[in-house]
Amino acid sequence: FFLMIRRPPRSTQSRSSAASDVYKRQEQGIDILCNCLTSPEYLNLAKQFESITLEDLDLDEESIQKYFIPSKITCVSIIDSLYLSIGLMFIPEGGSVPLHDHPGMLVTTKILRGEVNRRSLDLVDMSKAFEIPQRAASGDIEVNPLKAIRLEAQVHNNMVLEEGSLVNLTPVQGNIHSFKAIKNSVLLDLLTPNYDEIYRFCNFYKAVSYTHLTLPTIYSVQISVVAVSLKK
């Protein structure tokens, strides 16, 4: 993992207060994204996304195989703008994308090829996904103590996605997730809005412990923050 932080402009506002305000400024957009999944516009987008094939992306078998590199995840950007990111992930069999988040974002993923295990979590306090990068950038917390930060989360789901599957996450449901490839797999991701290197950072996490809650299929998870990255 790596940590790359851009320092925000200096302010007379206290660090903890400024970090908290970051989440408050995102709340309206979060509400809009959470309510759009049943909108005609999103349903039409999802329908079109679901129909996309590797052939539509001009990827033949020879070119696909070149992207599968042992022990390495290959990412190919198709569109990369402030409000929209579309890209491909090539995950070799046995390879994995560690737990990471998409703060304040809506993400739709299609499995174009292969089969993956997807685990997703929800932070109990979602504002932490915005606050921790801001605190790190401002010097309120140092790089090494990031690993000592413990956050409470709950398992949203743990499922196997087969070729052709379409799945999404919202700012409040399944926003932290990981993938492990059961077979050589190609994933098509659509993110909106994009990471902006100001408020929306990509945080990486590690599960520390699991505790059963009242229902047998729901777990409480303690996770630690292992990196804050500006790399999408």
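**Entry 1: the cavity**

I began with the lining of the largest cavity, where β5 (115-123) and α4 (128-138) each supply at least two residues. This is a predicted model, so I read every value below as computed from it. Which element gives the most to that lining? It is β5, with 3 residues.

I then asked how many cavities of 30 Å³ or more there are. The count comes to 1. For the volume of the largest cavity I noted about 120 Å³. Its lining is made up of 15 residues, and those nearest the centre are L123, M126, A129, P171 and N175.

**Entry 2: aromatic pairs**

Next I searched the whole structure for aromatic pairs and found 2. In one of them, Y67 and F90 are stacked, with 4.4 Å from centre to centre and 25° between the planes. The planes count as stacked because the angle is under 30 degrees. I checked where the partners sit: Y67 is in helix α3 (residues 61-67) and F90 is in strand β2 (residues 85-91), so this pair ties together parts 23 residues apart in sequence.

F90 is buried, and its relative accessible area is 0%.

The other pair joins F68 to F90, and here the arrangement is edge-to-face: 5.8 Å centre to centre, with 75° between the planes. F68 lies in the loop between α3 and β1 (74-80), while F90 is in strand β2, so the pair links parts that are 22 residues apart in sequence. Both F68 and F90 are buried. I wrote down Y67, F68 and F90 as one aromatic cluster.

**Entry 3: helix α2**

I turned to helix α2 (residues 40-51) and looked at its span. It has 12 residues and reaches 17 Å from its first C-alpha to its last, close to the 16 Å expected at 1.5 Å a residue.

Which residues of α2 are buried? I found Y42, A46 and F49. Looking down the axis of α2, I saw these buried residues fall within an arc of 65°, so they line one face of the helix. A reminder to myself: an α-helix has 3.6 residues a turn, so residues three or four places apart point the same way. On the other side of α2, I noted P40, E41 and K47 as exposed.

**Entry 4: backbone details**

Last, I went looking through the backbone. The peptide bond from T192 to P193 is cis, and its omega is near -10°. I placed P193 in the loop between β9 (185-192) and β10 (202-212).

Where does D58 sit? I found D58 in the loop between α2 and α3. D58 is not a glycine, yet its phi is positive, at about 60°. D58 counts as exposed, at 68% relative accessibility.

S71 is in the loop between α3 and β1. Its relative accessible area is 81%, so I marked S71 as exposed.

Definitions and conventions. Residues numbered from 1 in each chain as written. Predicted model: local features only at pLDDT ≥ 70, side-chain atom pairs only at ≥ 80, totals over all residues. Heavy atoms only, no water. Phe/Tyr/Trp six-rings, centres within 6.5 Å; stacked < 30°, edge-to-face > 60°. Helix = DSSP H or I, 4+ residues; strand = E, 2+ residues; numbered from the N terminus. Buried < 20%, exposed > 50% of the residue type's maximum accessible area, 1.4 Å probe, protein only. 1 Å grid on protein atoms, 1.4 Å probe; cavity = no way out; pocket = protein on both sides within 12 Å on 5 of 7 lines; lining within 4 Å. Points joined across faces, edges and corners; volume = space filled by probe spheres on them. Expected span 1.5 Å × (residues − 1). Arc of directions from axis to C-beta.
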